[in-house]
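Subject: Structure handover

Hi,

Here is the structure I promised to pass on to you. Please have it open while you read, as my notes follow below.

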Amino acid sequence: MTDVRPGEGASASLWEREDEVAAVVQALDTLCGDRASGGSLMVIRGEAGIGKTALLAEVRRIAERRGCTVWSARGGETLRSVPFNVVRQLLQPALVSLMPEEAREYLGDWYDIAGPALGIAEPGERQADPQGVCDGLVAGVRRLARRDWPLVLLIDDAHWADQETLRWLAAFAERLDDLSVLLVVARRPGEVSGDSARYLEAVTACAGGPDATLSALTPQATAGLTRATLGAHADAPFCREVWAVTGGNPYETVELLAKVRESELEPTEGSAAELRALNRSARGGGLVARLEELGIDATRFAWAAAILGTGISVDLVAKLATMSREDALRCAELLQGARILTEPDPAGVRIGDGDLEFVHPLIASAVYHSIPDALRTAMHGIAAQVVTDSGLGAAMASRHLLQVHPDDDEELVEQLREAAREHLAVGAPDAARRCLERALLEPPVPESHARVLFELGCATLLDAPATTIEHLQSALAMPGLDSEERVDAVVRLSQALLHNDQLGEAVRTVEAEAARHEDGPAKLRLQAVQYMWEGIHAGESTSPGRSERLAGLARTCTGRNNSERALLMLRGFDALLQGESAEEVIEVCDRALVNGRLAPGLGWTNTEWGIELLLMLSNSYAYTDRLDRAESLYNEALRTYETAGWSGGHLSLAHAHIGLVHRRRGRLREAEASLREALRLAERVGRGLPLYWCATSNLVDVLLARGHVDEAWAIADQHGFAPPYPSPMVMHDPRSVRGRLLLAVGRTADGINELEEAEKDAAARGHHNPVVLPWAFNLARALATEEPARAAQLATDARQQAERFGTDTAIGEALRCEAALETGQRAVRLAAQAVAYLEASPCQYEHAAARVEYGIAARSVSELNRGLALARSCGADGLAEEARQVLEAGRGLR
């Protein structure tokens, strides 16, 4: 650095910050120079007191001088449990300037999703999806940012931001490329762990360069600052001691020099020995002693302000400190004079910030931790009541309730349960979990203990299935749940076991509970759930007589209630897998609908039954060639999840199954796009889950159909598409797809082994539908040369099963397989029959493949041209290239 002195008018804490300020100026030049420029991100890292806040203040000053709009927010040590606290602060300047109608217009479809988290809309009736709320906040901020260009966003003390804000910040930072915004984030190193640390590191990674890590002042800069503050006569030994005492920390240096000036100490070598004592009085225990010197009332006022942490108004502090308003005003003046509290900076003030704030977070922390433990706990309890009486709601009061010692207080338990419901309604399940876990410590009275455990299990279902299992098992082991609640708890427990890859235990749990009930709706629901989990369990053989029992139950169902409708859906799906008549599958599935639509209570966002049941219904239509019905249901799922803001695993599955129906229609380009989006969403939820396998398996299958073998292999390698496979059944069957992939890349022996394993699995489960599990067609072709007799038998068996199932697609595919194993006129006849069936099928890729194969077998130019046109329309590049090469060669064609 060439100059240790900060710019004129800048804070003393900006000494030796020229490089960082220059980087800010450069970023602002880019931002203001071109509205179409991409966004930029700066991360400022440094220890407490190193000057991060001062640098952000300088960013604000420069930006506003350039005509930028500046929004800012700050995390707080005692506010980390308040969800969306920091992002609400950040957006308040934009939100308070909008009328409700304008806010709805700017946020668009995201208003009802993100609005409750921002406190500008009432939450809906259903539990909000955290990922959807995060995506809504990202979209909302992006729309507001475009309105307020050039925009600068400042976030101070990000290490103390709430987890929900950090999740949003990480997602927002990833999407800065096409948004002209400057985002500056200041944080301390360390300080956080778990998900919050992961989100902060993701933000840093998006900066595209090293952090601006602030270092302590050099001795030269400390000397310059000392002389600028105390006068040019400060001698060198005194200045060196200032640096030695403070370690060059800008905040401590400024505070020490203020104490020197107050004490009228001469800045000479003879006074240097007194600096250490003065420094102790300016920090830590010395600060507390200084506070106590102001009197008990001022100390109580400071303690109350530290407990509140934010929104420090004189009136609110007076209530918490139990003093008159006049005394409170007097104390506020004393604390301002002592540089403990100050008025908020007018440039950064927000609605509801209050009249006062601490001069520095270090002071706020020191005051908060100086409160005797027992008194601090009691004050949090009073603060909770003050916040509640102020009309701010249970959720806002909950951060104080979390600090209160357990004391068998049933009213506190109910307040925490209410706060948990409010947190869940706005998409903050972690905050809800903290409230319910604290409620358990109280503890609840026996009559409500099981309900609290049940609510806790519901709050952690998707985020922590192992923890959910523990809570729900405990709830079921004690009295307190009525019959309906108990059934709900068992179903939720089985869902948690499913998500924890314990599907066998899920089946046994529901089966055991069903045995406890007499015949009726509750038992019927449990039986339906049991059959549902058994139906998707790919890891074990089918229990003897399962399909017969399910068929017997379904025959008694007319669709009078949702339990009966669920059993009909399960029966249809089971019949599909068994390869029974497609017409019977369709008839059973149709009986599960009401006027051709899903019944109330069986919608895509209904939590009583879950998404698995409706996917079974939709897949039953998809594989029986009723693609219009399947596509309508999949699109309904997509619209429902997007409208509700469910952008996690549910939305991933919706995109995956839309990709599946595109694949079956032969729209391979559209299928690939949908499946890539499904995989992107699945990545955010977590690898290894069934939905992740669903997206990967279907994408690999589509890429193989397109003839993009190298890309399919790369996707499989990148996403771990290899054994071991998940225990829940995945559509499209991963073993069949991976076997086909291995054959395509030339690993024939491995491909045959994989398809033989798929054959064993299907036999163990009694799954005989060659369209749903297409291992037989690929295995027969792979064995054609080495084991022709076995290949022919596989093809014959597959054709018999296809004819039993009865769809044009199944029969046409079986004929294609048989034709591939034959030569001469028999191959031509079988290929022609395959074309006839597949021409009547809605599956255009298979029709195109049959046309090309028939054209090659019959040496027909016209058939090859028709196949080539179909392949191109489907996006089957490999098939089209095969047809083109045969046509170009022209040998023997007619």
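A word on terms before the tally: helices and strands here are DSSP runs, a helix having at least four residues and a strand at least two, numbered from the N terminus. Counted that way, the chain has 44 helices and 7 strands. Please keep in mind that this is a predicted model.

**Overall picture**

The chain has 894 residues, and 57% of them count as buried. Along the principal axes, its C-alpha atoms fill a box of roughly 110 × 70 × 50 Å. Among contacts with a separation of 6 or more, 67% are between residues 24 or more positions apart.

On confidence, the mean pLDDT of the chain is 88, and 95% of the residues reach 70 or more. Residues 1-10 are a stretch to treat with care: pLDDT stays under 50 there, although the model has 17 contacts beyond four places in sequence for them. Where pLDDT is low, the predicted coordinates should not be read in detail.

**A helix pair**

How do H18 and H19 pack? Helix H18 covers residues 373-389 and helix H19 covers residues 393-401; the angle between them is about 170°, and their axes are 8 Å apart. Since angles over 145 degrees count as roughly antiparallel, H18 and H19 are therefore roughly antiparallel to each other. From H18, the residues involved are His 380, Ala 383, Ala 384, Val 387 and Thr 388, and they meet Gly 393, Met 396, Ala 397, His 400 and Leu 401 of H19. Sorted by class, this contact has 6 nonpolar residues, 4 polar ones and no charged ones.

**A buried aspartate**

Is Asp 574 buried or exposed? Its relative accessibility is 4%, so Asp 574 counts as buried, the cut-off for that being under 20%.

**Backbone details**

For the next items, some background: most residues other than glycine have a negative phi, and most peptide bonds are trans.

Two cis peptide bonds came up:

- The bond from Glu 442 to Pro 443 is cis, with omega near -10°. Pro 443 sits in the loop between helix H21 (429-441) and helix H22 (446-459).
- Pro 723 and Pro 724 are also joined by a cis peptide bond, with omega about 0°. The loop holding Pro 724 is between helix H35 (709-718) and helix H36 (734-744).

- Phe 84 has phi near 65° and lies in the loop between strand S2 (69-74) and helix H3 (85-96). With a relative accessible area of 3%, Phe 84 is buried.
- Glu 264 has phi near 55° and is placed in the loop between helix H11 (250-263) and helix H12 (275-281). Glu 264 is exposed, because its relative accessible area is 69% and the cut-off for exposed is over 50%.

That is what I have for you. Happy browsing!

Best wishes

Methods:
Residues are numbered from 1 along each chain as its sequence is written. This is a predicted model: local features need pLDDT of at least 70, side-chain atom pairs count only at pLDDT 80 or more; totals for chains, interfaces and linings use all residues. Side-chain values use heavy atoms; hydrogens and water are left out. Buried means under 20% relative accessible area, exposed over 50%, partly exposed in between (1.4 Å probe, protein chains only). pLDDT is the predictor's confidence in each residue, from 0 to 100. Contact means heavy atoms within 4.5 Å. Axes are lines fitted to C-alpha atoms, for helices over the stretch in contact, and angles run from 0 to 180 degrees between N-to-C directions. Angles under 35 degrees count as roughly parallel, over 145 as roughly antiparallel, 65 to 115 as roughly perpendicular and the rest as oblique. Ala, Val, Leu, Ile, Met, Phe, Trp, Tyr, Cys and Pro count as nonpolar, Asp, Glu, Lys and Arg as charged, and the others, Gly among them, as polar.
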